[in-house]
Amino acid sequence: MSRFQVRKVAVLGAGVMGAQIAAHLVNVKVPVVLFDLPAKEGPKNGIVSKAVEGLKKLKPSPLGVAEDAALIQQANYEEHSELLEDCDLIIEAIAERMDWKLDLYKKIAPFVAPHAIVASNTSGLSITKLSEALPEEIKPRFCGIHFFNPPRYMYLVELIPTPTTRPEILDQLETFVTTSVGKGVVRAKDTPNFIANRVGIAGMLATIKEAENFGLTYDVVDDLTGKKMGRASSGTFRTADVVGLDTMAHVIKTLQDNLKDDPFFPSYATPPVLAKLIEQGALGQKSGAGFYKKVGKDILRLDPAKGEYVPAGAKGDELVARILKKAPAERLKLLRESSNPQAQFLWAILRDSFHYVAVHLEAIADCARDVDFAMRWGFGMSQGPFELWQSAGWKQVAEWVKADIDAGKALSKAPLPDWVFDGREGVHTPEGSWSPSQKKYIPRSNLAVYQRQHFPEAVLGSGAVEPLKAGTEVFKNDEIRVWTLDGEVLIASITAKLHLISPTVTEGLLKAVDLAEQGYKGLVIWSPDDVFSAGANLEALMPVFMAKGSKGIIPEEKKLQDAMLRIRYAQVPVVSAIRGIALGGGCELAIHSARRVAAMESYVGLVEVGVGLIPGAGGLTYIARRAAEMAAAGNANADLLKFATDGFTSAAMAKVGTSAIESRKLGYLLDSDVIVPNKDELLYVALSQAKAMFDAGYRPPHKAMFPVAGRSAKATIMAQLANMRDGGFISQHDFHISTLIADVICGGEVEAGSLVNEDYLMALERQHFCGLLDHPKTQERIMGMLQTGKPVRN
Ligand code: NAD
């Protein structure tokens with residue numbers, strides 16, 4: 001396959017999806033031009049400009065940092081169509097109307113480069129029908145590219161070929177979308193609503209219907225069908241409100257219009273309550289009311305019988321919650337046999353989903369794996385329907401579903417397909433996943449791009465190796481596993497809860513550094529889940545504190561600081577592979593590494609202030625040193641105060657980057673660090689980085705002295721702090737902690753420009769950290785956090 005280079009992408013349509021897709025392309029450093037119709041009044045780019053402005057305010061933020069909105073090039077079809085000529089990929093995301101889309105294709109066709117891929121983000125229109133209007137030379141380069149809302153955060157992208165799409169076009173697009181855009185690709189057949197929305201919306205319709213049958217209220221249904229069931233925490237009705245009831249109705253209409261022969265057709269009828277809400281303009285979150293309504297701080301739910309909103313918040317029965325915690329086989333058996341209406345309801349919706357996917361698998365997907373991944377990645381399920389069925393005992397569940405169909409309890413009389421009963425134990429095997437259309441098990445894609453994923457997400461039953469059991473184990477204790485995949489680079493995986501750094505973890509990390517120096521090219525700190533480390537384990541230090549008071553903590557603190565320095569000055573590169581949160585001690589571990597490789601969704605920051613402490617494992621020392629390095633790089637010593645103040649503000653306000661990009665703006669990632677769009681490529685990139693650094697003759701940094709901003713800078717910062725305290729913006733205790741932070745960052749009571757080293761600053765850190773431990777307000781904050789997990793403001 002020749003390399004498909006995407007130098008620039010055009011996104012057509014600056015609506016909800018188009019604007020956010022453009023934003024995400026900017027996040028992953030792909031140049032993008034965003035088009036919309038010329039505005040009728042004012043500047044011609046008015047529609048696009050407004051959309052780009054809107055991106056800065058949207059929550060959750062589609063952009064890694066809001067100011068990057070400026071990187072989106074703005075255009076309209078009247079003035080700028082020739083900009084399309086430079087685009088290697090054109091993503092159409094205009095309003096969902098076949099005639100409008102076809103018109104637009106005609107308009108842009110003369111400007112499409114001869115090699116460019118053109119793809120539509122339609123959620124419901126036939127990709128094949130759309131392609132038919134295209135000039136012959138574009139048809140082979142046309143397909144569907146279905147992003148999910150919000151595109152930055154939803155992992156799923158469905159790619160849909162037409163009969164005329166050239167296969168290598170899809171391979172090229174899959175490669176780009178996986179590595180550069182960071183998404184999980186599922187290939188779908190060109191059927192109405194493709195895979196995820198087809199199965200997901202049918203599931204929501206079934207849930208609405210069964211909830212009515214069993215007389216359950218929306219809040220109870222959401223409680224049961226959210227986290228407790230291993231699904232998105234917003235459950236069913238709140239998810240509908242978030243998606244928008246009009247959007248949902250649109251997807252339902254696609255089912256109604258195109259699936260008249262579907263044996264489930266009657267269950268696609270628009271639920272009367274949905275129709276009524278839409279008629280009243282209650283479209284969900286965006287219009288302030290839907291199945292729920294927020295009034296002040298209260299969440300109300302619709303009572304459809306009364307037609308009014310009543311207080312919400314009811315939970316499912318404890319008994320049912322307990323059943324949901326059981327292993328799959330027992331869980332399904334108990335739900336089915338229970339006389340509790342909530343349990344019966346849950347069995348009913350699971351049965352409906354098994355029934356639905358078994359009947360439709362052949363038509364909508366190449367194999368069962370695609371359905372399970374689509375539901376995980378597009379609907380936030382921890383397990384797809386086939387996986388759950390298989391893990392609960394394929395044959396038994398098949399019999400139960402059949403019995404319900406025969407008894408007329410199911411949503412359709414359609415029998416389960418014969419393959420369900422051919423003696424199989426499931427649809428996922430180590431050989432591959434079942435494809436009814438090809439009548440065989442299909443292995444995973446062997447596209448080269450997947451070789452960058454050492455541990456790709458795998459479906460249950462596929463026999464995938466668990467990362468923490470993979471490779472060769474070199475060392476292990478209760479909270480860390482040190483291992484290698486290739487014999488060249490060591491990997492340290494913290495296994496403690498939230499990967500909190502306890503003395504046991506520190507000990508393991510030190511051992512890992514020793515081992516790496518003895519026989520490996522480097523050490524990568526990586527874990528297979530989406531937490532790098534939530535910080536130092538305060539609870540683990542409690543016994544020492546109780547026995548010896550804060551003085552007892554000083555040696556512990558020193559050990560942790562020494563470990564950070566050991567990592568920084570290791571003879572081989574230590575690379576932190578960050579994904580998810582890296583807070584407090586986790587951030588300090590990352591910043592002392594030789595390099596950081598961070599997934600786009602990384603949230604890094606020094607948050608110790610929240611528990612009444614200062615960063616005490618070298619975090620402030622790092623800020624002081626970086627300020628000196630940046631001032632030196634700019635050859636302007638006068639800037640030391642500015643850099644020190646920036647670092648101070650991040651730590652004193654416990655700022656956490658809301659993306660890897662923002663974490664870099666805060667100074668916790670460097671320009672030389674690598675941001676990886678796809679979470680599953682993180683380990684590959686980190687290992688490559690460690691090897692490349694070693695092969696380039698890695699040497700640790702010099703242990704140099706550096707200048708600090710001194711007491712005058714501290715006085716400047718404190719004057720501002722005093723204003724904030726007197727204005728009531730920060731508490732007296734915040735003021736006290738911030739003063740101590742400023743003291744370390746500025747180097748204590750020394751003249752501006754005095755040279756210090758890391759040991760000196762770390763001693764200051766220790767002194768203030770341990771002093772704070774004796775402060776009652778800090779103790780109140782720590783106890784509050786340990787007991788409730790929430791920060792105490794005092
Ligand atoms: P939207 O209504 O927010 O935006 C549509 C954009 O198309 C607008 O900016 C509008 O100016 C432009 N437009 C309207 N008529 C046009 C025309 N005749 N020619 C050119 N441009 C025109 O829509 P959206 O929700 O962003 O959806 C866009 C596409 O993405 C649709 O195909 C939709 O099915 C699909 N989609 C939407 C979602 C979602 O959750 N909203 C999710 C996945 C896919």
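How many bridges join strand β16 to β17, and do they run parallel or antiparallel? In this predicted model, 5 bridges join β16 (residues 480-484) to β17, and the two strands run antiparallel. Strands here are DSSP runs of E of at least two residues and helices are runs of H or I of at least four, numbered from the N terminus; two strands pair if DSSP finds at least two bridges between them. Residues are numbered from 1 along each chain as its sequence is written. The model is predicted, so that local features need pLDDT of at least 70 and side-chain atom pairs count only at pLDDT 80 or more, while totals for chains, interfaces and linings use all residues; side-chain values use heavy atoms, with hydrogens and water left out.

β16 and β17 form a hairpin with 4 residues between them, and Gly487 in the turn has a positive phi of about 75°. On its other pairing, β17 is joined by 4 bridges to strand β18 (residues 522-525), and these two run parallel. Ile491 of β17 takes part in both pairings: Trp483 stands opposite Ile491, and the bridge partner of Ile491 in β18 is Val524. β17, helix α18 (residues 503-519) and β18 make a right-handed β-α-β unit, where right-handed means that, with the strands pointing away from the viewer, the path from the first strand over the helix to the second runs clockwise.

Strand β17 (residues 489-494) is largely enclosed by the rest of the structure, because 6 of its 6 residues are buried. Buried means under 20% relative accessible area, exposed over 50%, and partly exposed in between (1.4 Å probe, protein chains only). Val489, Ile491 and Ser493 point one way from β17, and Leu490, Ala492 and Ile494 point the other way. In the loop between β17 and α18 lies Leu498, whose phi is near 55°, a positive value in a residue other than glycine. Leu498 counts as partly exposed because its relative accessibility is 42%.

Glu588 is placed in helix α21 (residues 585-591). Glu588 is buried yet has no salt bridge, a salt bridge being a side-chain nitrogen of Lys or Arg within 4 Å of a carboxyl oxygen of Asp or Glu. The nearest side chain of opposite charge, Arg625, is 11 Å away (Lys and Arg count as positive, Asp and Glu as negative; His and the chain ends are not counted). Beyond four places in sequence, residues touched by Glu588 include Met564, Leu606 and Glu608, contact meaning heavy atoms within 4.5 Å.
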